[in-house]
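Let's walk through this structure together, one region at a time. Keep the sequence and the 3D view open as you read.

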Amino acid sequence: MNISDKIHETAKWMKNRTGNASPQIAIILGSGLGSLEKSIDVSIEIPYQEIPHFPVSTVEGHAGKLLIGRLGGKDIIAMSGRFHYYEGYSTQETTFPIRIFYELGVKVLLASNAAGGLNPGFRIGDMMVITDHINLIPDHPLRGKNIPPGPRFLPLGDAYSPRLISLAERIATKHDITLRDGIYLADSGPTYETPAEYRMYRLLGADAIGMSTVPEIIVARHCGMECFGISVITNSGQKTSIVSHEEVKIAADKASADMAIIFKELIENLSLSEQC
Ligand code: HPA
């Protein structure tokens, strides 16, 4: 079965399973962001293994289910647990849920992740709004036959929505939350970087580094969605101390409450008609 047939079949199954839910906003919950998940008023929970053609997340700390419910006064669909290239999937497979969201009518994607800080001004626990990215994952999610209605050659000059970035900045200021901004670099993982690699990625111009988000943003843009991304800085690439997945989850959890405020108010203030 080709990818377009799979998308069609899964979208049909989802419409049936959810009573034709048609959220316009999708959220991807990154590692350890528990409070953000708790702030959603969930009405339907669907484990990934029940969904036809969905990959199943294999990472500890990524629960692996779709949540349908309300946040900030609007209908949303959220991924609790995402798929990563390092798990062995192609990026076309890891981004399959985004294709389904598009079929359900999603117009805006809000993504979160845990990331290592490369900018020396960043502190552990800081949040960074993603203003641009560098993609070093060696598998492109749009490689292969083009999936309509997206174009074959997709421009990414405006991948991260300026109006959502300035809205998030206004919300952070109102709540006295420190919000950094910067460039997110995605590499393949699953290893964290060596000290020399952290230095190299800083030289490339990145402010934070992680193993996700970029393929999802690319596919969401291909589907014409407006995108926003935010990283929690869970460890520092400046320090040569050894980073662990546990440490990453604990730091993400601490920032989770502030992240929940930003996402909730972003959604509350989002007017869906004036999209770019
Ligand atoms: N590198 C890559 N991915 C990460 C890191 C890191 O330092 N921290 C959290 N995710």
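**A guided tour of the model**

Asp176 lies in the loop between H5 and S7; helices (H or I, at least four residues) and strands (E, at least two) are DSSP runs, numbered from the N terminus. This is a predicted model, in which local features need pLDDT of at least 70 and side-chain atom pairs count only at pLDDT 80 or more, while totals for chains, interfaces and linings use all residues. Residues are numbered from 1 along each chain as its sequence is written, and side-chain values use heavy atoms, with hydrogens and water left out.

Let's stay with Asp176 for a moment. Its phi is near 60°, a positive value in a residue other than glycine. Is Asp176 buried or exposed? Asp176 is exposed, with a relative accessible area of 71%. Here buried means under 20% relative accessible area, exposed means over 50%, and partly exposed is in between, using a 1.4 Å probe and protein chains only. His53 also has a positive phi, near 70°, and is likewise not a glycine. You will find His53 in the loop between strand S2 (41-47) and strand S3 (65-71). His53 is partly exposed, at a relative accessible area of 32%.

Two loops hold a cis peptide bond. Pro149 is placed in the loop between strand S6 (127-135) and helix H5 (162-174). Another cis peptide bond joins Gly189 and Pro190, where omega is about 0°. The loop that holds Pro190 runs between strand S7 (179-186) and helix H6 (195-203).

Now turn to the ligand. Where does the ligand sit? The ligand sits in the largest pocket. For pockets, a 1 Å grid is laid over the protein atoms alone: a pocket is an open set of points where a 1.4 Å probe fits, with protein on both sides within 12 Å along at least five of seven lines, whereas in a cavity the probe cannot get out; lining residues have an atom within 4 Å of a point. A molecule sits in a cavity or pocket if more than half of its atoms lie within 2 Å of its grid points.

The shell around the ligand consists of Ala114, Ala115, Gly116, Tyr192, Glu193, Tyr198, Ile209, Gly210, Met211, Thr234, Asn235 and Val248; a residue is near a molecule if one of its heavy atoms lies within 4 Å of it. Strand S5 (108-117), strand S8 (208-210) and strand S9 (226-236) each supply at least two residues of this shell, and S5 gives the most, with 3 residues. By type, the shell divides into 7 nonpolar, 4 polar and 1 charged. In this count Ala, Val, Leu, Ile, Met, Phe, Trp, Tyr, Cys and Pro are nonpolar, Asp, Glu, Lys and Arg are charged, and the others, Gly among them, are polar.

Look next at the polar atoms around the ligand. A polar side-chain atom of Glu193 lies 2.7 Å from a ligand nitrogen atom, and one of Asn235 lies 2.6 Å from a nitrogen atom of the ligand. On the side of Tyr198, a side-chain N or O atom is 2.6 Å from an oxygen atom of the ligand. The protein covers 96% of the 260 Å² of accessible area that the ligand has on its own, with areas from the Shrake-Rupley method and a 1.4 Å probe.

Thr213 is buried, with a relative accessible area of 1%. Its side chain makes a polar contact of 2.8 Å with the side chain of Asn113, and another of 3.2 Å with that of Arg82. A polar contact is a pair of N or O atoms within 3.5 Å; within protein, one must be able to donate a hydrogen and the other to accept it, and residues adjacent in sequence count only if both atoms are side-chain atoms.

Helix H7 (residues 214-222) is mostly covered, with 9 of its 9 residues buried. Among them is Arg221, whose side chain makes a polar contact of 3.2 Å with the side chain of Asp158. Asp158 is in the loop between S6 and H5 and is partly exposed, at 42% relative accessible area. Just after H7, Gly224 takes a positive phi of about 80°.

Our last stop is helix H4 (residues 96-104), where 7 of the 9 residues are buried, so H4 is largely enclosed by the rest of the structure. The buried residues include Phe96, Ile100 and Leu104. Just after H4, Gly105 has a positive phi of about 110°.
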